[in-house]
Amino acid sequence: MTVMGATQVDHDGAGLVARCSGCSIALRQVDGFDPDVALGTFLQHHPASTEAVHRPQVPAGWRADGRSA
């Protein structure tokens, strides 16, 4: 598990699972999407700092996970 301020990223064997406590969003990596690219797009939308601008859209390579952050 990697915790970065407001964000948390885990690998559960099926892919990455990311949460942003600042936005109360939980996302799961889309099957077949490159995990490095997915991590980059997640951090562009949900930076580690709670004071940074967070974009509410689901970034490329992710889908809603159905769990709240």
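Mentor: A salt bridge is a side-chain nitrogen of Lys or Arg within 4 Å of a carboxyl oxygen of Asp or Glu. Side chains of opposite charge can pair when their charged atoms come close. This is a predicted model, in which local features need pLDDT of at least 70 and side-chain atom pairs count only at pLDDT 80 or more, while totals for chains, interfaces and linings use all residues. Residues are numbered from 1 along each chain as its sequence is written, and side-chain values use heavy atoms, with hydrogens and water left out.

Begin with the overall layout. The protein has one helix and five strands. Here helices (H or I, at least four residues) and strands (E, at least two) are DSSP runs, numbered from the N terminus. Along the sequence, these elements come in the order β-β-β-β-α-β.

Now the salt bridges, of which the structure holds three. R28 takes part in one with D65, where the closest N and O atoms are 3.2 Å apart. This pair joins distant parts of the chain, since D65 sits in the segment after β5 (62–64) and R28 in strand β4, 37 residues apart. D65 and R28 are both buried. Buried means under 20% relative accessible area, exposed means over 50%, and partly exposed is in between (1.4 Å probe, protein chains only).

R28 also forms a salt bridge with D12, with 2.7 Å between the closest N and O atoms. Again distant parts of the chain are linked: R28 belongs to strand β4 (residues 25–29), D12 to the loop between β2 (7–11) and β3 (16–20), and 16 residues separate them. How exposed is D12? D12 has a relative accessible area of 41%, so it counts as partly exposed. R28 has 15% relative accessibility and therefore counts as buried. Taken together, D12, R28 and D65 form a network of salt bridges.

The remaining salt bridge stands between the side chains of D10 and R19, with 2.9 Å from N to O. D10 and R19 are both buried.

Next, the nonpolar residues. A nonpolar core is a set of buried Ala, Val, Leu, Ile, Met, Phe, Trp, Tyr and Cys residues joined through side-chain atoms within 4.5 Å. The largest such core here has ten residues, namely A6, V9, L16, A18, C20, I25, L27, A38, F42 and W62. β3 gives the largest share, three residues.

Two members of that core, F42 and W62, need a further word. The structure holds one aromatic pair. F42 and W62 make up this pair, which is tilted, with 5.5 Å centre to centre and 50° between the planes. The rule is that rings of Phe, Tyr and Trp (its six-membered ring) pair if their centres lie within 6.5 Å, and planes under 30 degrees apart count as stacked, over 60 as edge-to-face and the rest as tilted. This pair too links distant parts of the chain, with F42 in helix α1 and W62 in strand β5, 20 residues apart. F42 has a relative accessible area of 0%, so it is buried. W62 has 6% relative accessibility and so counts as buried.

C20, also in the core, brings up the cysteines. There are zero disulfides in the structure. C20 is in none; its nearest cysteine sulfur belongs to C23 and is 3.7 Å away. C20 counts as buried at 0% relative accessibility, while C23 counts as partly exposed at 31%.

Two loops remain to be mentioned. S24 lies in the loop between β3 and β4; its phi is near 55°, a positive value in a residue other than glycine. A48 lies in the loop between α1 and β5 and is partly exposed, with a relative accessible area of 34%. The C-alpha atoms of A48 and T7 are separated by 5.5 Å, although these residues are 41 apart along the chain.

Last, the whole protein. Of its 69 residues, 38% count as buried. Of its contacts (heavy atoms within 4.5 Å) with a separation of 6 or more, 47% involve residues 24 or more positions apart.

Notes: A disulfide is a pair of cysteine sulfur atoms within 2.5 Å.
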